[in-house]
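Q: Hi! Could you walk me through this one while I have it open?
A: Happy to, let's bring it up.

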Amino acid sequence: MGRKEYINRAKETVAARRADSISKFEQNTLIASASIKGFADIDREISLTGSRIMAEALGKNTDGKTIDQIHADYDALVAKKKQLLVENGYPENFCDINFHCKKCSDTGYVGINICECLKKEIVSASLEASGLYSLVDKQTFASFSLDYYEKDDKIVMAQNVRILESFANTFVPGKSDSFLFVGDTGLGKTHLSTATAKAVIEKGSYVVYESAIKLFGDYEARRFGTNGYFSDSDDDVEKYIDCDLLIIDDLGCELTNQFTVSCLYNIINTRLIRKKSTIISTNLNHNELRKRYSDRIISRIFGEFKPLVFRGTDIREQKIRKHK
């Protein structure tokens, strides 16, 4: 899902809430009008208030009432409407429009500014689109524990956390660093990748988090799909170039061949040229990376990416031993 798609999805969610609130208001108004004598007449008079105020402002009001008098009549009609509802066994707000967001009335905007409710939905849709939705509640900076590390390993990992938390909190698209996470499995690379992605997304930036296997699979699908050709403009792969922060998890777990190496070079090189941040996580060491990928890829990674070494003992194994 591209950025436009998840923003549109968020807007659709907010719009659906507004439509639901208005629909419920209309249904309740019909019920009250059908069961309470005189209710429909009062409701009709209330609905004419706006046009009466406009007529008075334009000097075309025929009943001679001032705007203040029209407002007073409106308040009296509203009070009578609520009284009728209560007298007939309904809550006094039975025919109010109960929007989910009181600030923007479920429009998504307060004046010309985006409302917090729409921002929240954009973040939620963005997290889902990034591939992180099932991880973000558990894998945050706050939940990352240094208790599983000892001595020098703890010092190194504490520094990694500080670096990444600062990176996330000060992230600016096109002006922030790229990182290479290196270390054995089970040392917290995925946890800190997720925490970083979540924090950057919550600042409003476009993040894509994907495993190397899935990423290269998307490129292969474009190349060998129904169209019979590869196209960088296809939505499934353009997100890897367009996003503000790309996180590639488990580089080296994919089946490496000339095509995947070419794709990786294109992604890294294009993002570097466009000054877009990238985080690559791998279990491979420096020599293993050199054997598997071309020199031009390695030179760009080690020349442009800041390396963060993950040290310690497999946390998953520690947890298993602890619970035996």
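Predicted model: local features only at pLDDT ≥ 70, side-chain atom pairs only at ≥ 80, totals over all residues.

**A chat about the model**

Q: How many disulfides does the count come to, then?
A: The count comes to 0 disulfides.

Q: Is Cys115 buried or exposed?
A: Cys115 is buried, at 2% relative accessible area. Cys117 counts as buried too, with a relative accessibility of 14%.

Q: Okay, switching to the sheet. What's the strand order?
A: The order is S4-S5-S6-S3-S7, in an open sheet of 5 strands with parallel pairing.

Q: Which strands stand at the edges?
A: Strand S4 (207–211) and strand S7 (306–309) do. Each has a single partner strand, so one side of each has no neighbour in the sheet. From one strand to the next, the twist averages 15°.

Q: How many bridges join S3 to S7?
A: There are 4 bridges between strand S3 (residues 179–182) and S7, and the two run parallel.

Q: Nice. Which strands does H7 touch?
A: Helix H7 (residues 189–202) packs on the sheet and touches S3, S4, S5 and S6. The direction of H7 makes about 160° with that of S4.

Q: And where does H6 lie?
A: Helix H6 (residues 151–169) lies across S3, strand S5 (245–251), strand S6 (277–282) and S7. Relative to S7, H6 runs at about 140°.

Q: Last topic, helix packing. At what angle do H10 and H12 pack?
A: Helix H10 (residues 258–273) and helix H12 (residues 295–304) pack at about 35°, and their axes are 10 Å apart. H10 passes H12 in a left-handed crossing.

Q: Which residues make that contact?
A: From H10 you have Val261, Leu264, Tyr265, Ile268, Asn269 and Leu272. H12 contributes Arg296, Ile297, Arg300, Ile301 and Glu304.

Q: What does it look like by class?
A: The contact of H10 with H12 has 7 nonpolar, 1 polar and 3 charged residues.

Notes. Residues numbered from 1 in each chain as written. Heavy atoms only, no water. Axes fitted to C-alpha atoms, helices over the stretch in contact; angles between N-to-C directions. Left-handed = near helix turned anticlockwise from the far one by under 90°. Contact = heavy atoms within 4.5 Å. Nonpolar A, V, L, I, M, F, W, Y, C, P; charged D, E, K, R; others polar. Disulfide = S-S within 2.5 Å. Buried < 20%, exposed > 50% of the residue type's maximum accessible area, 1.4 Å probe, protein only. Pairing = 2+ DSSP bridges.
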